[in-house]
Amino acid sequence: MSWPPLREELKGIEPYGAPQLDVPVQLNVNENPYGPSPECVADIARAVSEAATTLNRYPDREFTELRAALAAYLGHGVTPEQVWAANGSNEVMLQLLQAFGGPGRVALSFAPTYSMYPEYARDSLTEWVAGRRETDFSLDLDHAHDLVKEQQPSVVLLPSPNNPTGTALPFDAIATLCEAAGDGLVVIDEAYGEFRREGVRSAIELLPEHRNLVVTRTMSKAFAAAGLRLGYLAADPAICDAIRVVRLPYHLSAVTQATALAALRHAPELLGKVDELRAERDATVDWLRAQGLAVADSDANFALFGTFEDRHAVWQGLLDRGVLIRETGPDGWLRVSIGTADEMMAFKKALTEVLR
Ligand SMILES: *Cc1c(COP(=O)(O)O)cnc(C)c1O
C-alpha cells in the first residue's frame with residue numbers, strides 16, 4: 001500500500017473548491033456582495049457574547065430555538081419538527097446521503113449540475129447516476145421520469161435554480177418526480193431559491209402533498225451569510241428524525257446557533273438587496289447576449305455564458321484585469337456571480353477588453 005493509506009477511489013482526486021484569490025472583484029462563488037449593517041454586526045456580537053458565557057457546556061443538540069426560527073422564516077405552515085439544519089446545506093445533503101444512500105443504493109441527478117453531488121455519493125458509498133439535460137439546460141421531464149423509474153434511486157438531487165446553469169424547475173416537474181420516485185427522496189436544492197424570477201414557485205408549497213419531498217435552503221447566498229455556515233431543510237418529520245441517527249454529536253456549535261438566530265432577526269435587511277441583485281442579473285444576461293454570447297436563462301444570482309474555444313484564456317484575461325469568475329460547467333462556458341453595480345461594470349469592461 002502506498003503512503004498515506006488512502007481509499008483507492010480517492011487517490012489523485014483534487015479537493016473541491018474554487019481558487020480563493022485576493023483580487024478586487026470577486027464574482028466566483030455566488031456570494032451576496034453586500035455585508036451586514038453595523039446594527040446587525042452588533043446584534044450578532046451581543047448574541048455570541050451571551051453564548052460564550054456557557055461555552056463550557058455542549059450546545060442544545062436539537063437546536064430547538066433555531067429550528068423554530070427557521071420554520072417561522074420559511075412560513076407555508078412549516079413546523080419546527082419539519083426543519084433540520086447543519087453547517088451549510090452541503091452538510092445537510094451529505095447527511096441525507098449518509099442516512100438514505102449507502103451501498104446498493106442509487107443517488108440520481110441530471111447533468112450539468114452541482115459538482116458536489118457526486119462527492120456526497122462517493123463519500124457515502126452510494127452509486128451515482130447522472131441523467132442529461134436539454135441543450136438549453138432545462139430538464140427533459142420524460143427522460144427524467146423514465147430514468148427515475150428505471151434506476152429507483154433512494155435519493156434524487158435536483159437544484160432549482162440549478163448550479164451552474166441558473167435553470168429553475170417547472171413547478172409541475174416536482175410533483176411528477178416525487179410520484180415517480182415512490183419511496184425514494186426527491187431533494188429540491190433551493191440554495192438560490194430567493195433569486196427566482198417573478199412567478200417561479202418554491203417546492204416548499206408542495207411539502208404537504210409529498211412525504212418524500214425534501215427542500216433544502218441555505219443562509220450562504222441570498223441571506224448574505226456564507227461565512228456563518230448554516231444550511232437547512234424542510235421535510236416530513238420522519239426524515240428529520242432519521243438524520244439525527246447519522247449527525248455528529250452537537251454538530252451545530254453554540255456560536256453558530258447564536259449567530260444564526262441573530263442573523264434571522266435581521267432577515268429583512270440581509271435579504272434587502274435581493275431585488276437589486278435580480279435586476280442586476282437580468283441586466284447582465286441582456287448585456288452578455290447583446291455581445292453576441294450565449295447565456296443560459298437564470299433564476300439565480302449568477303449567469304452561465306459562452307461559448308469559448310479557450311475558456312481558460314478568457315478566465316485568465318479577466319483575472320489579469322482584477323476580475324475573478326468561475327471556470328465551471330460544460331466545456332466552453334464560464335459562470336459569473338452577480339455583484340454590485342460597480343463590480344458588474346468592472347466585469348463588463350474587462351470582458352470587453354478580453355474579447356476584443
Ligand atoms: C452554494 C450552493 C449550496 C449551498 O452551500 P452551503 O453549504 O449552504 O454554503 C447548495 N447547493 C448548491 C447547488 C449551491 O450552489
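## Overall fold

The chain holds 12 helices and 12 strands; helices (H or I, at least four residues) and strands (E, at least two) are DSSP runs, numbered from the N terminus. For the 356 residues, the radius of gyration is 21 Å, close to the 21 Å of the globule rule, so the chain is as compact as a globular protein of that length. This radius is taken over C-alpha atoms, and the globule rule is 2.2 Å times the number of residues to the power 0.38. The C-alpha trace spans about 60 × 55 × 55 Å along its principal axes.

This is a predicted model, in which local features need pLDDT of at least 70 and side-chain atom pairs count only at pLDDT 80 or more, while totals for chains, interfaces and linings use all residues. Residues are numbered from 1 along each chain as its sequence is written, and side-chain values use heavy atoms, with hydrogens and water left out.

## The ligand and its shell

There are 13 residues around the ligand, and Asp189, Tyr192, Thr218, Ser220 and Lys221 come nearest; a residue counts as near if one of its heavy atoms lies within 4 Å. By type, the shell divides into 4 nonpolar, 6 polar and 3 charged residues. Here Ala, Val, Leu, Ile, Met, Phe, Trp, Tyr, Cys and Pro count as nonpolar, Asp, Glu, Lys and Arg as charged, and the others, Gly among them, as polar. Helix H3 (residues 89-100) gives the most to this shell, with 3 residues.

Polar contacts are pairs of N or O atoms within 3.5 Å. A polar side-chain atom of Thr218 lies 2.6 Å from an oxygen atom of the ligand. For Ser89, a backbone N or O atom is 2.7 Å from a ligand oxygen, and for Lys221 a polar side-chain atom is 3.4 Å from one. Of the 390 Å² of accessible area that the ligand has on its own, the protein covers 94% (Shrake-Rupley method, 1.4 Å probe).

## Backbone features

Two cis peptide bonds can be described together. One runs from Ser160 to Pro161, with omega near -5°, and another joins Asn163 and Pro164, with omega about 15°. Pro161 lies in the loop between strand S5 (155-159) and helix H6 (171-180), and Pro164 is also found in the loop between S5 and H6.

Asn30 is not a glycine, yet its phi is positive, at about 60°. Asn30 sits in the loop between strand S1 (25-26) and helix H1 (38-52).

Conventions
A polar contact is a pair of N or O atoms within 3.5 Å; within protein, one must be able to donate a hydrogen and the other to accept it, and residues adjacent in sequence count only if both atoms are side-chain atoms.
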